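Please open the model in your viewer and keep the selection panel at hand. The tour below moves from one selection to the next and says what is found at each stop.

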Amino acid sequence: MAQVTLRKVVKYYDEVEAVSAIDLDIADKEFVVLVGPSGCGKSTTLRMIAGLEEITGGEIAVDGEVVNDVPPKDRDMAMVFQNYALYPHMTVYQNMSFGLRLKKYPKAEIDKRVQEAARILDIKELLDRKPRQLSGGQRQRVAMGRAIVRNPKVFLFDEPLSNLDAKLRVQMRTEIKRVHQKVRTTTVYVTHDQVEAMTLADRVVVMNRGRIEQIGAPNFLYHSPATRFVAGFIGSPAMNFIPCRLEQAGEGLNVRLSDTIAFAVPTERVQRYRPYIGKELTFGIRPEHLTEAKTNGSKNYATFDAAIEVVEPMGMETMVFFTIDRTEVCGRVDPNAGARVNATMMIAASLDNMHLIDNSSGRVL
Amino acid sequence: MTAANVAIDHGAPTRPRYGSMSRDRRWALRWSYFFLVLFAIFFLMPPIYMLITSLKTSAEISAATNPWWVFNPTLSNYVELLTSNQYLLFFRNSAMVSIFVVTITMMISIPAAFALARMKFWGSATLATGVFLTYLIPDTLLFIPLFKMFAVFDEWTGIQLLNKWYVLLIVYPTLTVPFCTWIMIGYFASIPKELDEAALMDGANYRQILFRVFIPVALPGIIAATIFAFTVSWAQFLYPLALTTSQDQLVLPVGIITSLIKGDVFNWGQIMTGALLGAAPPLIIYAFLMDYYIAGLTAGATKG
């Protein structure tokens with residue numbers, strides 16, 4: 001039951017600016033994921049919310065109350081760490097109940113909460129074990145259990161799945177989502193993995209170099225990135241970026257990618273793009289919007305011939321790589337479309353899903 | 001080049017030029033055992049000699065027989081020492097001093113190490129180095145100034161500390177606290193920072209983090225430090241020799257020397273027995289806590 005508000009929050013480490021004036025409103029019960037490359041300030045932001053890191057400037061408020069100078073123990077937040085940070089000398093039960101015991105809860109209440117959390121996380125039979133007797137996934141569950149039993153205002157997760165192997169990571173991701181649906185606590189989650197961010201978040205906060213690039217629902221970020229950084233960071237395989245320029249073509253506009261390839265800009269975008277004629281621009285399009293040519297639902301699609309250089313079959317789809325004017329481009333075609341190396345293939349670009357990026361500002365137009 | 005190769009081939013005809021791992025390992029083991037046995041003999045010789053001598057009568061010790069053999073074994077030295085109130089008093093003084101010193105040391109070192117390792121405050125790094133530098137000053141340099149200080153303290157306040165066994169409780173920690181603090185800083189630093197942060201988030205204050213998380217987790221390091229403090233105070237010789245003189249205030253090492261050597265008469269049998277018995281407590285403690293001691297001293301090399 002808590003809203004968290006960040007107002008112009010700044011963090012300096014000596015002379016280095018780690019976080020520069022970020023604003024963020026986290027609603028009650030919301031699951032917010034901070035995502036970005038390492039060193040983007042996401043962990044620092046989380047640790048400032050937790051109170052583990054002092055705030056250089058700005059303010060952080062929980063339910064409207066500024067907590068800048070409130071020590072972590074009085075913020076009523078629970079945190080799950082990347083390396084779990086379980087107390088090695090305590091059993092799982094003692095680990096989970098430690099916070100409650102410090103607060104002198106009655107024994108019966110503690111037991112009730114621990115049992116309930118153990119039930120939610122399916123770790124009832126592990127309660128008497130020590131952390132070193134647990135596998136990575138089990139430790140992660142215990143770390144979450146330790147957070148759940150406290151019934152805190154806010155859950156903080158600092159890259160909790162980074163230490164797990166790929167399969168377990170996917171499993172625990174679902175688990176975290178399920179737990180959040182059950183306990184419905186305001187959650188701030190830090191990760192560098194955009195897939196985790198997309199799958200878990202109500203809203204994703206994309207950070208880069210200490211700044212927030214964009215905030216939005218996962219699908220919104222995916223389809224309407226605000227900057228080149230977001231466009232490139234969200235989505236895997238990443239969006240293709242091809243240098244281009246705009247040309248007048250009668251009433252409309254053409255976006256020219258190479259001497260031979262130029263697409264007509266969809267009419268509803270012509271007005272928006274017109275001021276950028278002659279500027280340095282980048283054409284952005286996701287691999288799934290470069291498919292084998294067929295009537296593919298979208299009325300605005302343009303076809304061109306591509307000389308396929310690499311074919312990567314993935315099972316449910318096949319990745320093809322080709323070059324447009326010295327830029328490598330990835331397309332995503334049907335496995336039965338007959339993509340072959342060194343063959344020419346007719347590729348269709350869905351222009352409703354294209355993006356045009358202003359190189360000077362890095363913003364998506 | 002060729003000449004060198006030929007020379008090597010002749011020098012080691014039975015060994016291939018690139019020995020297998022197991023062969024290298026075997027050789028390494030042989031050499032380490034050779035040196036281990038050598039060192040074991042070297043270091044065990046004196047205690048064995050002490051044991052042999054302690055089982056002899058004075059007459060046999062001074063007789064020109066094989067010193068490595070007991071012809072008429074006797075326990076009279078042991079009986080005499082263990083029934084003499086004086087020896088037991090030395091023993092009691094030593095035990096009191098050591099136990100108190102260990103307690104005092106731990107009460108200072110653990111919080112000090114915790115503060116220096118974890119609470120990054122202004123000058124904490126310099127202070128940590130300073131602690132270690134203190135340890136580098138030898139006691140041979142300090143015992144005369146210390147003696148003078150206690151004498152002056154007596155003149156000013158009328159509180160007599162010299163020639164009292166408890167003066168050692170003030171002096172020994174100057175040896176034990178720096179070293180114990182230093183090894184525990186190292187040990188505490190090897191505990192992942194997330195562990196105290198987790199405790200902090202769980203609502204613990206610094207005192208609770210120290211007592212409920214740090215001390216239990218760092219127990220091997222603390223035990224290693226405890227053993228060290230005990231050994232140092234048990235075996236310390238120079239300070240008690242300089243600062244205590246009355247028979248009833250003496251600790252074991254000094255007591256044995258002053259009471260069993262009369263002028264130029266050495267009561268070898270009892271000296272050996274006394275020293276042997278005096279060496280027993282640290283030996284017993286080591287035997288029980290050896291694993292902890294090694295774990296503690298090597299911690300920090302790899303993540304503990």
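A residue is called buried here if 20 or more other C-beta atoms lie within 10 Å of its own, exposed if 12 or fewer do, and partly exposed in between, with the C-beta atoms placed from the backbone. Helices (H or I, at least four residues) and strands (E, at least two) are DSSP runs, numbered from the N terminus. This is a predicted model, in which local features need pLDDT of at least 70 and side-chain atom pairs count only at pLDDT 80 or more, while totals for chains, interfaces and linings use all residues. Residues are numbered from 1 along each chain as its sequence is written, and chains are lettered from A and ligands numbered from 1 in the order in which they are written.

**First stop: a helix of chain B**

Select residues 206-217 of chain B, which form helix α11, and colour Ile209(B), Leu210(B), Val213(B), Phe214(B) and Val217(B), which are buried. These residues lie on the same side of α11(B), because they cover an arc of only 130° around the axis, the arc being that of the directions from the helix axis to the C-beta atoms. An α-helix has 3.6 residues a turn, so residues three or four places apart point the same way.

Within helix α10 of chain B, pick Ala199(B), which is buried, with 25 other C-beta atoms within 10 Å. Leaving aside neighbours within four places in sequence, Ala199(B) is in contact (C-beta atoms, placed from the backbone, within 7 Å) with Ala204(B), Ile209(B) and Val213(B). For a distance to display, take the C-alpha atoms of Ala199(B) and Pro178(B), which are 21 residues apart along the chain and separated by 28 Å.

**Second stop: the two domains of chain B**

Colour domain 1 (19-74) and domain 2 (76-298) of chain B separately; these bounds come from an automatic or database domain assignment. The C-alpha centres of the two domains of chain B lie 30 Å apart, and 9 residues of domain 1 are in contact with 8 residues of domain 2. On the side of domain 1 of chain B that touches domain 2, α2 (21-54) and α3 (58-62) of chain B are the elements that give two or more residues, and α2(B) gives the most, with 4 residues.

Now show chain A, whose secondary structure comes to 9 helices and 21 strands, and of whose 365 residues 39% count as buried. Where chain A meets chain B, 17 residues of chain A are in contact with 15 residues of chain B. On the chain A side, β6 (77-80) and α2 (92-102) each supply at least two residues.

**Last stop: a sheet in chain A**

Which order do the strands of this open sheet follow? The 3 strands run β17-β18-β19 (chain A), with antiparallel pairing, where two strands pair if DSSP finds at least two bridges between them. Since β17 (310-313) and β19 (327-333) of chain A stand at the edges, each with a single partner strand, one side of each is left without a neighbour in the sheet. Strand β18 (residues 318-324) of chain A pairs with β19(A) in the antiparallel sense over 7 bridges, and Thr318(A) can be picked opposite Val333(A) in β19(A).

Key. Two residues are in contact if their C-beta atoms, placed from the backbone, lie within 7 Å.
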